[in-house]
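Please keep the structure in view while reading.

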Amino acid sequence: MRLAITGGCGFIGSAACRAAVDARGWSVLNIDALAYAGRRENVAMLEGRPGYTFLHADIADRARVEDALAAFQPDAILHLAAETHVDRSIDAADAFVRTNIVGAHALLEAARSVWRAMPHERRARFRFVHVSTDEVFGALGPEGRFTETSPYRPRSPYAASKAASDHLARAWRETYGLPVIVSNCTNNYGPYQFPEKLIPLSILNALEGKPIAIYGDGGHSRDWLHVDDHVAGLFAILERGAVGETYLFGGGDERTSLEVAHAICAILDAEQPRRAPHADLITLAPDRPGHDRRYAADSAKARAALEWAPQQRFEDGLRETVRWYIANEAWWRPIREGLYAGRRLGAGAAQT
């Protein structure tokens with residue numbers, strides 16, 4: 001497999017790069033613009049390895065990306081490059097529109113050009129896997145789960161930008177025949193996640209004795225999926241997925257934000273005890289605008305068609321994740337002291 005991965009220095013993308021090279025022995029072209037959350041440290045262990053190539057490029061730069069793809073001749077493209085943090089999209093949506101919509105369009109066109117120039121046999125094998133989120137479906141009621149046929153009701157700038165890119169990807173399949181497959185996943189967690197998201201931010205705030213801010217009443221619920229399980233699902237799409245189909249990936253482990261925070265604190269009490277319980281640091285903060293109450297995904301189709309199932313129980317994966325952040329201060333300390341110290345994002349104009 002010759003696999004081009006966009007956003008391969010980000011959280012999920014770097015996990016995909018590491019697994020593709022280490023576990024599968026595939027050749028990988030990692031295309032990343034190195035925006036604030038894209039870190040070459042995430043794939044430093046791959047530098048110099050046979051079959052691994054890094055290209056510092058923006059997916060919106062169609063000509064450069066097309067030239068790189070034409071030279072690499074991928075069997076598949078795994079499109080993970082995206083702006084992903086809802087809070088940042090509330091504060092400034094421009095980057096989300098540029099990367100998630102304009103960038104996706106440029107990448108689709110570059111891929112289409114390279115695919116059309118391939119010999120027939122290679123064209124038949126080629127796949128473009130567009131990776132998206134369950135947030136495109138909007139708020140879920142207290143019962144049930146999203147499915148591949150759930151209607152789109154995005155309620156944040158981030159979700160709207162990803163919904164737009166999903167529609168573009170499907171349109172390029174229907175209009176031009178590009179062999180596109182779409183996936184939507186629930187909240188990912190695990191090592192190397194930029195510490196602006198709930199789990200790493202809570203871990204680092206707790207380690208530093210700072211307040212662990214939980215939005216609203218803490219009752220917002222998410223279905224948590226370990227990043228390695230998500231990557232395994234994406235690889236299953238590459239190997240067994242059907243062109244034109246959509247697959248949902250969820251961990252089947254729903255937790256409220258408050259439950260996640262308490263679980264992190266309990267792990268830290270055992271791993272890094274302090275005079276007072278870490279849970280004393282948990283505080284409730286004003287909610288963010290448009291905060292969807294609940295997400296959960298029905299992964300029955302992926303389980304049946306792709307022979308995929310999550311392997312990590314949330315309790316075990318969370319403990320491993322907490323231990324990783326404890327052991328890897330050299331990775332996160334420069335972020336806390338430079339790029340992002342943990343300040344509140346996404347309060348929105350309604351709360352200013």
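## Aromatic pairs

In this predicted model, a search of the whole structure returns 17 aromatic pairs. One of these pairs is formed by F96 and Y158, whose rings are arranged edge-to-face, with 6.3 Å from centre to centre and 70° between the planes. The pair links distant parts of the chain, since F96 belongs to helix α4 (residues 94–116) and Y158 to helix α6 (residues 157–176), 62 residues apart. F96 has a relative accessibility of 2% and therefore counts as buried, and Y158, at 7% relative accessibility, counts as buried too.

A further pair joins F249 and W308, and because the ring centres are 4.9 Å apart and the planes stand at 70°, this pair is edge-to-face. F249 is part of strand β10 (residues 246–249), while W308 lies in the loop between α10 (300–306) and α11 (314–327), so the contact ties together parts of the chain that are 59 residues apart in sequence. Both F249 and W308 are buried.

The charged end of R39 sits over the ring of W331, at 5.4 Å from the ring centre. In the case of R112, the charged end sits over the ring of Y176, and here the distance to the ring centre is 3.8 Å.

Side chains of opposite charge can pair when their charged atoms come close. The structure holds 30 salt bridges, and one of them brings together the side chains of D87 and R288, with 2.8 Å from N to O.

Are the two partners buried or exposed? D87 has a relative accessible area of 4%, and because a residue under 20% is classed as buried, D87 is buried. R288 likewise counts as buried, at 14% relative accessibility.

The side chains of R255 and E315 meet in a salt bridge with an N to O distance of 2.5 Å. This pair, too, links distant parts of the chain, with R255 in strand β11 (residues 254–256) and E315 in helix α11, 60 residues apart. The accessibility of the two partners falls into separate classes, for R255 counts as buried at 18% relative accessibility, whereas E315 is partly exposed, with a relative accessible area of 33%.

D316 forms a salt bridge with R313, and the closest N and O atoms of the two are 3.1 Å apart. D316 counts as partly exposed at 35% relative accessibility, and R313 is also partly exposed, with a relative accessible area of 46%. Which residues make up the network of salt bridges to which these pairs belong? The linked residues are D253, R255, R313, E315, D316 and R319, so the network includes the buried R255 as well as the partly exposed E315.

Technical notes:
Residues numbered from 1 in each chain as written. Predicted model: local features only at pLDDT ≥ 70, side-chain atom pairs only at ≥ 80, totals over all residues. Heavy atoms only, no water. Phe/Tyr/Trp six-rings, centres within 6.5 Å; stacked < 30°, edge-to-face > 60°. Helix = DSSP H or I, 4+ residues; strand = E, 2+ residues; numbered from the N terminus. Buried < 20%, exposed > 50% of the residue type's maximum accessible area, 1.4 Å probe, protein only. Lys NZ or Arg CZ within 6 Å of the ring centre and 35° of its normal. Salt bridge = Lys/Arg side-chain N within 4 Å of Asp/Glu carboxyl O.
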